[in-house]
Amino acid sequence: MKRAVYPGSFDPITYGHIDILNRAAKIFDEVIVLVMNNINKKYFFSFEERFDMVKEAIKAYENVKVETYDGLLVEYTRKREISVLVRGLRAVSDFEYELQMAHMNKSMCPNLETVFLMTDSKYSFISSTVVREVARFGGDVSPWVPKYVIEAFKRRLG
């Protein structure tokens, strides 16, 4: 069985994330969407809220589950005996950072392979950061996130 992990902060999950997840679920026998904390980020949604949104997003998939982890990704992959890491790319600008991270992960865990999937071009400009900004100013984010994310924004922003 070929298992992969798709890590991220998902603050919030967007259609771009879901596009990557959809394609990863077709490639691998099992995909674990791993909701993580990045010490360099200040989050809009709590860890629990982000987990709940991802849990909602994966309901349609039989071979996908969601977990959380608050530590070094390579340690998670070692503990779970996962050898494939899925990362989404929107543009060339993402690639430089993701390549650096892939090399860092590989140096710490030689058996870990990173697979890059390009998001559909219609989602290539979407980022959680931009979605949060639009939502904070009362803009319509419905083209970029599912309804349950919009509801989470309404609860947080009033």
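Which helix gives the most to the lining of the largest pocket? Helix 4 does, with nine residues. The points below concern a predicted model.

1. **The largest pocket.** The volume of the largest pocket is about 1200 Å³. Its lining comprises 44 residues, and those nearest the centre are Gly8, Lys41, Arg87, Tyr97 and Glu98. At least two lining residues come from each of strand 1 (3–8), helix 1, strand 4 (84–89), helix 4 (92–108) and helix 5 (128–136). Among these elements is helix 4, whose nine residues are the greatest contribution to the lining.

2. **The annotated span.** The UniProt record, an unreviewed entry, assigns the feature "domain: Cytidyltransferase-like" to residues 5–133. In the model, this span is 43% helix and 22% strand.

3. **Ala4 in strand 1.** Ala4 belongs to strand 1. The relative accessible area of Ala4 is 0%, so the residue counts as buried. Leaving aside residues up to four places away in sequence, Ala4 is in contact with Phe28, Glu30, Val31, Ile32, Ile82, Val84 and Val86. As a further point of reference, Ala4 and Ile58 are separated by 54 residues in sequence and by 15 Å in space, taken from C-alpha to C-alpha.

4. **Glu30 in strand 2.** One of the residues that Ala4 touches is Glu30, which is located in strand 2 (residues 30–36). Is Glu30 buried or exposed? Its relative accessibility is 15%, and because buried means under 20%, Glu30 is classed as buried. The Glu30 side chain forms a polar contact of 3.3 Å with the side chain of Arg3. With residues up to four places away in sequence again excluded, Glu30 touches Met1, Lys2, Arg3, Ala4, Asn63 and Lys65.

5. **The buried face of helix 2.** Which residues of helix 2 (residues 47–57) are buried? They are Arg50, Met53, Val54 and Ala57.

Definitions and conventions
Residues numbered from 1 in each chain as written. Predicted model: local features only at pLDDT ≥ 70, side-chain atom pairs only at ≥ 80, totals over all residues. Heavy atoms only, no water. Helix = DSSP H or I, 4+ residues; strand = E, 2+ residues; numbered from the N terminus. Buried < 20%, exposed > 50% of the residue type's maximum accessible area, 1.4 Å probe, protein only. Polar contact = N/O pair within 3.5 Å; in protein donor to acceptor, adjacent residues only side chain to side chain. Contact = heavy atoms within 4.5 Å. UniProt positions renumbered as here; feature names shortened; annotations may be inferred. 1 Å grid on protein atoms, 1.4 Å probe; cavity = no way out; pocket = protein on both sides within 12 Å on 5 of 7 lines; lining within 4 Å. Points joined across faces, edges and corners; volume = space filled by probe spheres on them.
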